[in-house]
Amino acid sequence: MRRIKVRLQAQVEMCVHRVVTYENLASEWSPDLRFFVLVFSAENQAGTEALRQSGLANIAWIEGKGLQEGDIVVPVRDKQEVLVLLREADAHHSLFMTNRCNSYCLMCSQPPTLGDDGWLVGEAIDAVRHLRKSPPVLGLTGGEPLLLGTGLRQVLNAIEQEHPTTHVEILTNGRLFSNRQVVSDILDGLTMPARWLVPLYGHCNFVHDFVVQTQGAFDETIGGLLTLQAHGQQIQLRIVLIEPVLRVLPELAAFIGRNLPFVREVALMGCEPIGFALANRELCEVNLHEWGETLERSARTLRRFSIPYLFMNAPLCALPQSLWSDAHRSISDWKNEYAAECDGCAVKESCSGLFSWYERGWKPAPIRPIKQAETIV
Amino acid sequence: MPYIPQLQPFQARSLADGFIVATSRSGDFAFFSPSEFDQFQSAPATLPLEFQAELRARFLLGDTGPHPGTKRLITSRIAAKRETVLKGPALHIIVPTLQCAHSCQYCQVSRSLQDQGHTMSITDIEAACDTIFESASQTLTVEFQGGDPLIRFDLVKHAVLHLQRRNLSEQRRIRFVVASTLHQLDPDMCTFFKEYNVYLSTSIDGPRDLHNRNRPIPGRDSYERTVKGIELARELLGHDAVAALMTTTSSSLADPEAIVDEYVRLGFKDIFLRPLSSYGFAKRNQILLGYSVQKFFDFYQRGLKRVLHWNSHGVEIREVYACILLNKMLSTFDAGYVDLQSPTGAGSSVLVYNYDGYVYPSDEARMLAETGDKSLRMGRIGEPLENLLQSAVARSLAVASTVENAEGCCDCPYNKFCGPNPVDAQAQFGTLFIPVENTEHCQRHKGLFDAMFMEIRTADEDLLDLFYQWARPAAGVRD
């Protein structure tokens with residue numbers, strides 16, 4: 001999530017605001033929302049203060065480089081900083097639902113914490129209410145959003161009400177759908193367009209359970225997937241390409257083909273070198289280039305079962321050329337970078353690039369510029 | 001203790017290549033060398049971990065824990081394999097007439113053109129059409145067989161129009177097929193077929209000489225006239241509007257390659273290397289035309305090899321029998337091939353409305369009636385579908401074809417892909433209930449599954465691609 005240094009009017013509420021320009025304040029203002037007025041001059045700042053004093057309690061001025069009109073932000077307590085929850089210009093939009101999780105994955109990019117963060121539900125609903133333009137897709141991530149139970153449903157309902165055209169993507173391990181109450185709280189009567197992004201790391205229990213470091217997780221995820229299918233929900237399976245997973249990937253692909261043919265697609269994803277992945281580096285750091293044959297065999301297996309697949313977070317130079325057309329630009333805008341080697345690469349435009357923390361972690365493969373001549377098949 | 005491997009229910013069988021194939025409840029399979037198999041049975045925990053994982057992924061190994069998710073998964077896999085049987089009759093065969101210009105030795109049923117009386121009444125045709133709509137199935141195939149239905153094109157037309165009229169309100173997806181020699185096909189018929197999306201299915205037994213020997217007509221030009229019909233149909237209806245079936249007689253056995261090549265030459269995308277069943281022709285012709293299961297295997301293996309040869313040279317042609325077997329073995333979704341369903345699709349997913357006014361469970365059953373055994377009549381045309389499906393014949397067929405009831409099937413690893421064929425048993429032994437291993441149906445399919453498993457075990461990646469492609473139910477497996 002982006003953090004931006006700002007100067008902020010004193011005594012603002014520590015909750016969600018929409019950033020608005022001074023000029024557009026009049027046309028966007030609404031009594032049930034909160035606004036930060038982006039000011040560039042002492043005059044605008046004074047004007048905003050005057051308006052506030054005259055009774056518009058839901059506005060305050062803000063000044064900060066890098067803020068954009070329409071940003072949904074929340075101030076960080078005791079710091080002259082805001083978090084940008086949503087930004088209109090981004091290609092990917094997502095809301096962070098909880099930092100708690102019931103799994104403990106080897107390569108978790110967002111290591112879970114125990115503390116109660118139930119307030120995030122309210123913040124998410126607030127963010128949804130403040131959002132000016134409906135994004136085509138809005139992701140809900142964590143942590144494990146199913147832990148929120150009815151809270152997740154409230155967020156879904158808010159999105160459906162405020163942004164009926166938006167497709168929601170919920171990143172979940174699906175395990176809690178083995179609990180009837182959770183199923184009923186979240187799925188009963190749910191008709192909005194939703195897609196569930198569910199990780200699966202093994203073709204049998206001990207492989208998957210090892211990767212997510214939780215006994216019994218495989219069986220619960222399988223049950224969760226069947227529950228989603230029974231409720232007519234769309235599923236994308238997510239497979240993070242770390243060593244213990246790559247070792248079984250062709251078999252995992254065949255397992256999916258035989259048992260889970262109802263999934264809409266399978267996303268094969270490069271590992272994000274942050275969080276637990278750094279601690280478990282010996283299992284998580286792989287040179288994808290060396291696994292090219294495994295990736296091709298797995299893709300071939302998925303094709304045999306007519307299961308669509310795509311590669312995410314995998315730079316083109318790390319993939320065999322036969323798989324380039326399956327690779328997507330998938331890394332969230334705020335953490336997407338290219339290496340120095342990428343300058344002069346002929347396919348940079350269609351390449352996912354790297355996670356910006358590759359410097360502290362690692363690159364998914366040795367990065368090299370692709371020459372124009374190589375792109376002609 | 002979690003993760004300590006335990007055997008799950010399975011059946012296994014030794015293959016001729018020395019390996020053992022085992023299948024689990026879900027229909028997943030694994031190959032073992034004899035020593036691996038011993039280890040698997042006595043001490044699975046000592047198998048290499050990767051192999052253990054593969055066996056778990058195929059539900060051949062599990063462990064003690066309660067695994068409600070996995071249990072649901074296996075249940076849903078089994079259900080998917082049965083789905084096609086349970087959704088109601090989808091294939092409806094109408095036999096408007098037994099008249100045919102041919103006098104094929106292996107055909108017991110057809111009557112000459114001068115013959116009177118072996119033709120369906122208009123009342124029965126309309127009643128049959130009405131029964132078809134009583135089926136719960138949203139997708140219906142209506143197939144006209146004979147005799148040669150085109151000799152009574154008027155009846156075919158009447159039935160199609162009647163069905164279409166009713167379908168204005170019923171809104172089902174109806175696929176029409178006419179099985180014919182195509183000798184009578186003319187442009188007017190084609191115009192009608194084009195308007196109503198009627199597909200044609202004809203017979204080509206192989207090269208000209210073989211075909212003409214198998215299918216005699218007075219001018220000895222059956223082959224030429226059928227090919228002419230195919231050309232006309234392709235010209236007016238499109239290349240893929242006509243498919244062909246072949247029947248393997250003892251004269252076919254010598255040269256399967258020539259038969260396959262003939263299909264390639266004629267531009268067909270499917271060839272079905274079908275054995276002759278023991279009851280389609282008069283018993284007196286058995287010695288003349290019949291052959292052993294082993295002879296058929298040899299023929300089939302060579303033919304399949306030839307089909308694969310053409311595919312590896314860029315010619316797209318599928319062998320339909322292999323498609324059926326591979327669908328059972330490799331696909332989660334069942335294509336619903338009637339003869340390998342358990343309980344059988346005969347009399348549940350297929351019904352035959354015969355010229356004689358009776359409803360039969362399958363094409364073979366109505367042919368059996370022509371030999372004098374009328375025991376498989378389900379009821380009269382016009383009876384409510386409900387009654388037909390609940391008839392004593394239908395119930396007996398279901399009982400006799402249920403794998404769980406058949407001792408010989410219980411230990412067979414192919415019981416997830418196959419089932420007893422009681423109509424076949426009735427023809428061969430005069431009773432629905434016969435130990436399955438005595439039936440030709442069982443002997444043939446055990447051998448065919450054995451052969452396909454051996455192919456799969458040693459197949460390279462390109463061949464596996466082809467096999468998975470053939471296994472898809474969209475491959476349009478025909479009955």
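1. Start with B:Glu224, which is partly exposed at 30% relative accessibility. Its side chain meets that of B:Arg208 in a salt bridge, 2.7 Å from N to O. The pair links distant parts of the chain: B:Glu224 sits in helix α8 (residues 222-237) of chain B and B:Arg208 in helix α7 (residues 208-214) of chain B, 16 residues apart. B:Arg208 is partly exposed as well, with a relative accessible area of 43%. Bear in mind that this is a predicted model.

2. Now for a buried pair in chain B. The side chains of B:Asp63 and B:Arg56 form a salt bridge at 2.7 Å, N to O, and both residues are buried.

3. Chain A has a salt bridge worth a look too: A:Arg87 and A:Asp71 meet through their side chains at 2.7 Å, N to O. A:Arg87 lies in the loop between β7 (81-86) and β8 (94-96) of chain A, and A:Asp71 in the loop between β5 (59-63) and β6 (72-75) of chain A, so the pair ties together parts that are 16 residues apart in sequence. A:Arg87 counts as buried at 7% relative accessibility, and A:Asp71 is buried at 0%. Over all chains, the structure holds 47 salt bridges.

4. Next, where the chains meet. Chain A and chain B bury about 2500 Å² between them, and 50% of that is on carbon and sulfur atoms. On the chain A side, A:Phe206, A:Arg258 and A:Arg304 supply 29% of the area buried against chain B, more than any other three residues. The contact takes 26 residues from chain A and 29 residues from chain B.

5. Seven salt bridges cross the interface of chain A and chain B; one of them joins the side chains of B:Asp28 and A:Arg258 at 3.2 Å, N to O. The count of residue pairs in polar contact between the two chains is 20. In chain A, α6 (205-212), α7 (217-230), α9 (249-259) and α12 (292-304) each supply at least two residues of the side that touches chain B. That side divides into nine nonpolar, nine polar and eight charged residues.

6. A:Thr166 is buried, with a relative accessible area of 1%. A polar atom of its side chain lies 2.6 Å from the backbone oxygen of A:Pro135. Leaving out residues up to four places away in sequence, A:Thr166 touches several residues, including A:Ser134, A:Val137, A:Ile159 and A:Pro193.

7. Finally, the layout of chain B: the domain assignment gives domain 1 (6-65) and domain 2 (86-389). Their C-alpha centres lie 40 Å apart.

How values were computed
Residues numbered from 1 in each chain as written. Chains lettered and ligands numbered in written order. Predicted model: local features only at pLDDT ≥ 70, side-chain atom pairs only at ≥ 80, totals over all residues. Heavy atoms only, no water. Domains from an automatic or database assignment. Contact = heavy atoms within 4.5 Å. Buried area = accessible area lost by both parts, 1.4 Å probe. Salt bridge = Lys/Arg side-chain N within 4 Å of Asp/Glu carboxyl O. Polar contact = N/O pair within 3.5 Å; in protein donor to acceptor, adjacent residues only side chain to side chain. Helix = DSSP H or I, 4+ residues; strand = E, 2+ residues; numbered from the N terminus. Nonpolar A, V, L, I, M, F, W, Y, C, P; charged D, E, K, R; others polar. Buried < 20%, exposed > 50% of the residue type's maximum accessible area, 1.4 Å probe, protein only.
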